[in-house]
Structure formats: structure tokens, C-alpha cells
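Here are my notes on the model, as numbered points. Please read them with the structure open.

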Amino acid sequence: MFRYIVRRLVTMIPMMIVISILCFTVIKLQPGDFTTQFLTDPRITPEQVAQIRERLGLDQSPVVQYLTWMKGILTRGDFGYSFAYKRPVQELIWERMGWTVAVAGATIVFSWVVAIPIGIYSATHKYSFFDYLLTFIGFIGVSIPSFFLALILMYLSLSLGGTAVGGLFSQQYIGAPWSWAKVVDLVRHLWIPVIAIGLSGTAGLIRLMRGSLLDVLGTQYITTAKGKGLSQRVVIYKHAVRNAINPLISVFGMQLPELISGTIIASIVLNLPTMGPFFYDALINSDQYLVMTFLMLSALLMLIGNLLADILLALTDPRIRYE
Amino acid sequence: MKRLVLAVLLVFVIAFSAVAQQAVVSPALFEEIGKPGGELVLGLATAPRSFNFYGIIDNAAYTILYNIIEPLVEENPATGEIIPGLAKSWEVDESGTEVTFHLRDVKWSDGTPFTADDVVFTMEHVVMNPNAEGNSVDRFTLGGKPVLWEKIDEKTVKAILPSPYGAFTRVLTHALMVPKHKYEPFIAALNDGVEPGTINQAWTTDTPLSDIVGTGPFVLSEYVVDQKVTLQRNPNYWKVDPEGNQLPYLDKLVYLVVQDEQVMLAQFRSGEIHRVTITGQNYPGLKREELDGANYRVLAGSPVSPVPSPPHLAFNWDVEDEELRAIFRNDKFRQAMEHTIDRHRIIEDVYNTLAIIPGVPVLPANAAFYNPAIEDIMREYDLEKARQLLDEVGIKDRGDGVRVLPSGRPFELTLTTAVNVQPHNDIAVILESEWQELGITTHLQLVSSTLVGQRRTAGEYQAIIEAFGNQPDPQLRKAIWQPGRSLYYWHRSTMDENQEPVLANMEDWELRVFDLFELGEVEMDPVQRKAYYDEWQAIYAERVPVIFIAKGMELQAVSNDIGNIFLRPNGQIVGTNYTAFVK
């Protein structure tokens with residue numbers, strides 16, 4: 001097992017390099033660069049724009065730019081400089097990490113906590129009224145874009161007299177020291193993003209859990225277990241669910257990058273101080289090293305998430321061995 | 001007794017010196033005298049990327065910094081007149097090339113006195129520093145020579161101009177003074193081992209806020225990344241209201257970062273934000289709510305400021321197709337196209353009636369420069385005249401309603417504009433239907449505004465709808481409206497690759513416009529300057545190098561809890577952060 005993990009970690013290195021080359025190529029395929037916006041400003045002459053390009057190294061060939069960036073990472077742990085913020089990119093990403101992980105974490109926890117029991121209920125009460133109802137809600141969750149759901153929830157909240165629209169806190173609590181009132185205020189704001197962003201994930205998980213459990217419930221060993229006279233409870237929770245959960249563990253690994261990337265449009269609509277809108281701005285401004293670092297971080301989380309999922313699978317399922 | 005006299009004397013001296021450095025704000029900014037205390041909450045569409053006014057191009061940063069740092073001379077927010085700022089007075093010598101500024105006795109918010117050194121430093125090493133990404137070198141360079149700055153004594157500074165410069169005080173209103181003692185370490189010319197680009201790294205968002213000092217009405221007190229910027233009143237601010245009360249009234253000024261326009265409006269409705277700029281589409285709904293007793297007022301102000309930028313229609317004089325190039329360069333063709341623009345319909349349909357007929361491009365409210373004669377020159381909507389003119393140009397109906405070029409090819413036009421700018425988009429659709437009616441096959445190319453900018457710069461378009469803000473002084477928009485400059489984009493061949501004007505490629509009237517801008521720049525007499533710019537406006541109205549379409553009104557909604565944000569009798573919205581107060 002240990003050798004397997006080491007081998008997986010080592011293969012991540014060439015993988016990351018290939019991903020970085022792909023990402024950089026795509027960024028460079030975008031027309032224009034960071035200095036393009038200066039060309040439309042009457043205060044700045046094109047001559048000065050050329051100077052700025054030179055200073056930022058944007059006049060060099062993309063290959064040179066890429067290699068210089070890589071060299072900075074490998075030799076100094078320097079992920080480059082944000083053109084827009086005039087600061088090192090890792091600082092900027094770090095500043096926004098807290099809320100990003102907190103909101104995404106809450107959303108993921110919400111979707112799992114809601115989805116697993118509902119999935120189990122739907123599977124065990126197949127074709128019942130509540131199965132149809134929950135499945136229907138699930139389909140709605142999958143089909144409505146989260147930003148739209150966010151708008152609907154905000155509208156409902158506003159028209160019912162609520163004042164908590166957008167953001168994570170009321171104005172006076174932003175930056176204030178933690179207190180009970182601030183926590184209450186956070187909860188009053190947080191339910192909209194958690195439901196809006198979490199519901200689509202929830203719906204998917206319900207479908208997956210239901211389908212997977214139904215497959216398992218149809219197998220012979222379940223019939224055997226029932227035949228041995230085990231209680232329904234033991235059959236389902238001890239035997240069926242443990243086997244049905246495997247596909248969901250793989251999904252769990254895939255969700256790790258969502259901790260930072262999440263849903264960009266929904267975050268803008270909900271006015272969340274998370275990485276999504278920040279990343280979107282960087283893309284629009286061609287703030288290339290910020291975009292690169294963000295994409296690399298996201299890719300790394302994806303690889304690590306997959307590895308974690310594989311390890312978890314090995315732990316939960318004795319049939320899986322990687323040696 | 002002696003002690004008492006001394007004490008009384010001392011009180012007098014202190015009182016007098018306090019009065020001496022204060023200045024009464026123009027009564028035009030007041031609807032009523034305010035009361036101190038409270039906070040005003042405003043929205044920001046993006047988080048500031050830096051607190052360095054000269055390091056970035058970022059409206060969020062500018063919005064915040066205008067509360068913190070100040071220029072030598074200011075524009076009266078109500079009347080647009082030039083008034084004293086950090087310079088309490090100034091005089092110009094007879095040659096018009098030496099301007100001496102007498103500085104006000106004020107302190108930076110950390111207690112350091114503001115002196116002539118700060119002014120010379122700011123102008124030489126920051127404002128006129130070509131390595132600063134938000135510099136204004138171009139505005140302080142005349143005929144290739146820079147304006148020079150000289151300290152006379154601690155409180156006196158002299159500017160030496162290469163030639164007389166009519167808009168000098170106007171451009172100075174945009175040069176905000178930064179403290180030398182905080183900015184100096186970032187300047188390459190004054191420090192060994194500092195790189196030229198380092199100036200841009202001054203006052204980034206991670207700078208301790210106590211280092212960001214200014215002379216303005218507010219100082220930064222808190223920044224919560226991507227969420228909120230809080231400013232506190234500067235208790236030593238030098239402005240007082242007409243009754244002598246200390247300004248600003250507000251204890252706190254809060255900017256909430258709200259990216260989405262609809263969410264910002266929702267937060268305004270729920271009372272979290274006190275003042276928002278709105279669009280013509282939101283106006284009727286909010287106005288109805290106001291009349292139904294909502295706790296806010298909706299103001300529609302006559303256009304006086306550069307934004308919203310008035311859209312114009314332009315044709316590419318250097319388009320690759322030779323036949324089209326000749327057509328686009330033909331005055332009669334562009335005049336015909338002006339006749340196809342139904343400005344009144346556009347104002348009604350696109351702007352919900354909240355717009356006016358634009359200037360060319362000076363705003364009608366700009367008494368200092370507007371030339372009313374253009375109103376008689378601008379062409380009315382008249383498709384019949386448009387047809388006649390097109391016939392004269394040689395673009396004729398071949399019999400089946402399709403107009404063909406002299407070569408016999410059907411006349412097709414591609415109209416490019418920004419899909420994400422609602423008025424431009426809607427105007428393009430209206431123009432398309434008018435042109436189809438004339439027999440011109442029109443293709444709309446609706447792309448993102450960034451892409452529109454790129455196509456414009458690269459000359460990859462035929463017809464385009466674009467917009468530039470109106471500025472109070474034409475000199476400030478020289479880079480756009482003077483032929484041969486970098487943003488005279490419809491006729492780019494008037495500029496060579498070294499960014500120098502090519503007189504040989506200009507039409508006669510373009511040469512005249514070129515000269516008028518050169519003359520206006522160095523003229524000090526306001527009457528003569530107006531005469532030059534009047535002529536320019538008349539030429540533009542006649543030759544229509546670009547066709548101005550409409551100018552949106554200034555629309556705002558303000559909470560009734562906030563005072564001194566109001567419509568003046570002339571229909572203009574006034575309301576500054578240092579005169580606003582909580583009722």
C-alpha cells in the first residue's frame with residue numbers, strides 16, 4: 001500500500017507538468033494580454049503600454065515566459081506576480097482560502113448529509129410516493145443552474161421581508177470580532193449559498209446512492225441475508241449500504257477541487273468573498289500567473305482527491321488491493 | 001493676571017490659526033446644514049486591487065482614494081469651476097508659463113506637515129513617472145517637453161511650463177498628492193537597488209492601513225478582503241460648512257463590495273446600502289416604489305459628468321476593402337448615415353426617455369466649452385434625405401430594393417458593438433432595421449466589450465458603436481479627438497508606427513482640427529480657447545467623423561436617511577461624501 005501511494009505521488013509530477021503546459025497554452029490562445037486594457041485609456045500612450053509589456057515580460061515568447069515561471073516555482077517557490085494586484089499570487093490566493101474552503105466545505109457537508117439518507121430511503125421504498133417526490137426534487141436540483149436557484153432564493157427571502165441578501169454577513173459584522181450575534185448573522189446568510197450551490201450536488205448524489213443501493217439490494221447475498229432472518233435494518237445498513245457506498249467514495253475524491261473552484265457564477269450572484277469571482281476577474285484581465293497558479297492548485301487537488309478516494313476504497317472494501 | 005492675558009492671547013492665536021487653515025465649502029453643495037455622526041454605506045462593483053492611485057487602472061481604487069488624497073486644485077462638484085484645494089491660491093506670470101502655488105497649512109493624517117517637497121515629489125516621481133501604470137505623463141508634457149516643478153520655500157511651489165497651457169489647472173485636478181515620506185522608498189530614481197516598476201508596488205492591498213496617509217476628509221480604517229472597505233473621518237480635515245462646522249459630518253464611510261448589479265440593488269432596497277447608481281431600466285420600478293412610500297428617493301440628474309459615456313457610431317476609414325474605404329471617407333456617406341439615426345426614438349426606447357441629445361462631444365451643460373451652433377448643424381432623422389445622399393455617393397438601388405456599390409456589388413455592412421453594454425446593443429438593433437429599410441444588408445457583430453476594444457485598436461471592423469466619456473475640458477480628451485492621436489481610431493493612418501501624427505494623410509478639415517487642438521493647448525485666454533474648441537465642434541458636427549447618438553442621464557437612488565444628496569435647481573445631482581450626513 002505504501003509503495004503504491006509513493007508511486008502515485010511520483011507520477012503526479014509529470015502529470016502536473018503536462019497540465020501546466022496545457023493550461024499555459026490555453027491562456028496564451030486568449031487574444032490580447034494584461035496590457036490590452038491600457039490601450040483604451042486616453043491617459044496612457046501606446047509607447048508606455050509597450051514599456052509596461054516589456055517590464056512584465058509579456059514581450060517575450062510564450063515558451064520563455066513559461067520556463068521563467070516554472071524556474072521561479074522550482075528554485076524559489078515563487079508562483080509569480082499578479083499584474084493586477086502587484087503582489088505575489090500565493091499571498092492573494094491564501095488571503096481568500098479561508099472563506100472559500102469554509103463555504104465549499106459547508107456546501108459539501110450539506111449535500112452529503114442530505115443526500116445519503118434520502119438516497120437510502122428512496123431505494124428501500126422504491127416506487128413509493130416519497131420516492132417519486134424526492135426523485136422529482138432531485139431532478140429539479142440537477143436541472144436548475146445554481147446561480148438561478150440563488151436568485152430565486154434571494155428573491156423569496158427579500159419578498160418575505162428578509163434583509164440578508166448576498167454576502168456572508170450583514171455589513172456591521174464584516175470584519176467585526178466573533179460573537180454569538182455574528183454567528184447567528186452568518187447562519188442567516190449562509191443558508192442561501194449552501195442550498196443554492198449544494199442542491200445540484202445533492203440531487204446527483206441522491207440518484208447515485210439510490211441506483212447503487214438498488215443494484216446491491218438485488219444481489220443474491222442480500223437475499224441470503226434476508227433468508228437467514230436478519231432484521232431489515234441490519235441487512236440494509238450493515239450489508240447493503242456498505243457495498244453500495246463505493247461509487248460515492250470515488251465521487252468524493254472528485255469533489256476536492258470544488259473546495260476552491262466551486263461555482264463561479266453562483267458566487268458572483270451571491271456576492272461571496274470566495275475564490276470563484278476572484279478567479280473570474282483574473283481570467284477577464286489576463287492576469288496570467290494568477291490564473292495559472294489557481295488552475296494548478298485546482299489540478300493538484302483533483303489528483304490528490306483521486307488518490308484519497310482510491311485509498312479510502314481500499315480501506316472500506318477488502319476486495320480492493322493495489323499491490 | 002499676566003498669565004491670564006497670555007492664556008487668552010494663546011487661545012486667540014490657536015483659534016486664529018485654526019481658522020486660517022480652514023476653508024468654507026461652496027454653499028451649492030448643501031441642501032441643509034448637517035449634523036455630525038453616523039455612517040454612510042455605499043456599494044463597489046469590484047474590490048480594490050490596490051490603494052496606489054498611480055499603480056493601477058481600477059475604478060474601485062479611484063473611488064476610495066478620492067476620499068483620502070487630494071489635488072492642488074479642485075473642481076467644484078456642483079459647478080465644475082476650478083477652486084483652491086491643497087493650494088490655497090496661485091498666480092500665473094505674464095508669459096503664462098510660470099505658475100506659483102501657495103500651499104495650505106495642513107497635515108497628513110499621521111501628523112507630518114504637508115509641504116512643497118510633497119508636491120514636487122508627487123509630480124516628478126509619481127504623477128509624471130512613466131513606469132507608474134496609472135501615470136499622467138502625457139497630460140504634463142507639452143510639445144515633447146515635461147512641466148518642471150520647483151520648490152520656492154516650504155509652502156510655495158512653482159510649475160514651469162514649456163509653453164502656456166490652457167488646461168493646466170484642469171489637469172491638475174486629477175493629480176492627487178501623495179506623501180513623500182511614505183512613497184519615497186518605492187522610487188527607483190531616489191534609491192539604489194529599487195527597480196523602476198517598484199512604484200507600482202506602493203500601497204498594495206496588504207500595506208498596513210496606518211501607512212496609507214492622506215490630507216482628505218477620510219482615512220482608511222479597515223479592509224476586509226473582497227468584502228468591505230471602511231474609512232473613518234479625518235478629524236483635522238480643512239474644510240468647514242458655511243456655518244463653520246467641521247467637515248466631514250460622517251464618522252464612517254463604508255464601501256461594500258457587491259459584484260452583481262441586481263444584488264446591489266436588492267441590498268439598496270433592503271436598506272443595507274444607502275446610495276446606488278442605477279440604469280434607465282431600473283428607474284421606473286424604483287420610482288414607483290418611491291411614490292408608494294419607500295424610504296428612498298430616485299434622482300434623475302441632467303448629464304454633467306463624463307459617465308455614462310455617450311455612444312457614437314464610427315466607420316473604419318482604413319478598412320481593407322478599397323471601395324468601402326473610399327465610401328467611408330466620403331463626408332456625404334457619413335452624413336447620410338447620420339440621417340438614419342432616430343435619436344428621439346433611441347432616447348425613448350433604449351433609455352426609457354432618460355437621455356438627451358448629445359454634444360459633439362462637449363456636453364450641453366458645459367458652459368465653458370459647449371458650442372450651441374452645432375444644434376443647427378446636426379442632422380435630423382430623415383430616411384428620404386439619407387436615400388438622396390446615398391444616391392449621390394453612388395450607392396444606388398439596383399431596382400429590387402438592394403443598394404449596390406458603384407462596382408455593382410451589393411452594399412453590405414458589418415456593425416460591431418459590445419453585447420454586454422445594453423444601450424449599445426439596443427442601438428445596434430435599431431440601426432440594423434433602419435439600414436435594412438434603406439436596402440443595406442446589415443450584419444450585427446455583438447461581442448464582449450473587451451473584444452470590441454481589441455477590434456477597434458486593430459482596425460478590424462467596418463462600422464462600430466463605441467463610447468468615450470465626456471470630460472469638462474477638451475484638452476483632456478485630446479488623445480481621442482485630435483487626428484493623429486492614439487485613440488483617433490476611425491482614421492488610424494493619421495498616425496505612424498512611432499505614434500507620431502502623419503499630416504500628409506489628413507483631410508483638410510482634419511488638419512484644421514489638429515491645429516485647433518494644438519492652439520487650444522497653449523492658449524491661456526479662456527475666451528480664445530473656447531473659440532478654438534467651438535470651431536472644432538462645428539467641424540465635427542458638419543463632417544461627422546463619428547456620429548454621436550445620445551447621452552444618458554445620471555440616475556441615482558438615495559436613502560431618505562441621508563441628507564445633502566439632492567437635485568440642484570438646474571437639474572444636476574450633487575452630493576459629496578464630505579457633505580453628506582445621517583438624518
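1. Start with the four-stranded sheet in chain B of this predicted model. The sheet is open, and its strand order is E5-E6-E10-E9. Pairing is antiparallel. Strands E5 (87-92) and E9 (148-153) of chain B form the edges, each pairing on one side only. Ignoring direction, neighbouring strands are turned by 20° against each other on average.

2. How many bridges join E5(B) to strand E6 of chain B? Five, and the two strands run antiparallel. Strand E6 covers residues 98-103. In general, strands of a sheet pair through backbone hydrogen bonds, either parallel or antiparallel.

3. Which helix packs on this sheet? It is H3 of chain B, residues 116-127. Helix H3 touches E6, E9 and strand E10 (156-160) of chain B. The direction of H3 makes about 175° with that of E9(B).

4. Now the whole of chain B. It has 17 helices and 30 strands. The C-alpha trace of chain B spans about 105 × 60 × 45 Å along its principal axes. Of the 583 residues, 47% count as buried. Among contacts in chain B with a separation of 6 or more, 68% link residues 24 or more positions apart.

5. Chain A has 13 helices and two strands. Its C-alpha trace spans about 85 × 60 × 35 Å along the principal axes. Chain A has 323 residues, and buried ones make up 35% of them. Residues 24 or more positions apart account for 71% of the chain A contacts with a separation of 6 or more.

6. Where do the chains meet? The contact takes 41 residues from chain A and 43 residues from chain B. On the chain A side, five elements each supply at least two residues: helices H2 (46-56), H4 (89-124), H6 (146-159), H11 (264-270) and H12 (275-284). Which of the chain A helices gives the largest share? That is H2(A), with six residues.

7. Last, the make-up of that surface. The side of chain A that touches chain B has 17 nonpolar residues, 14 polar residues and ten charged residues.

Technical notes. Residues are numbered from 1 along each chain as its sequence is written. Chains are lettered from A and ligands numbered from 1 in the order in which they are written. This is a predicted model: local features need pLDDT of at least 70, side-chain atom pairs count only at pLDDT 80 or more; totals for chains, interfaces and linings use all residues. Two strands pair if DSSP finds at least two bridges between them. Axes are lines fitted to C-alpha atoms, for helices over the stretch in contact, and angles run from 0 to 180 degrees between N-to-C directions. Two residues are in contact if their C-beta atoms, placed from the backbone, lie within 7 Å. Ala, Val, Leu, Ile, Met, Phe, Trp, Tyr, Cys and Pro count as nonpolar, Asp, Glu, Lys and Arg as charged, and the others, Gly among them, as polar. A residue is buried if 20 or more other C-beta atoms lie within 10 Å of its own, exposed if 12 or fewer, and partly exposed in between; C-beta atoms are placed from the backbone.
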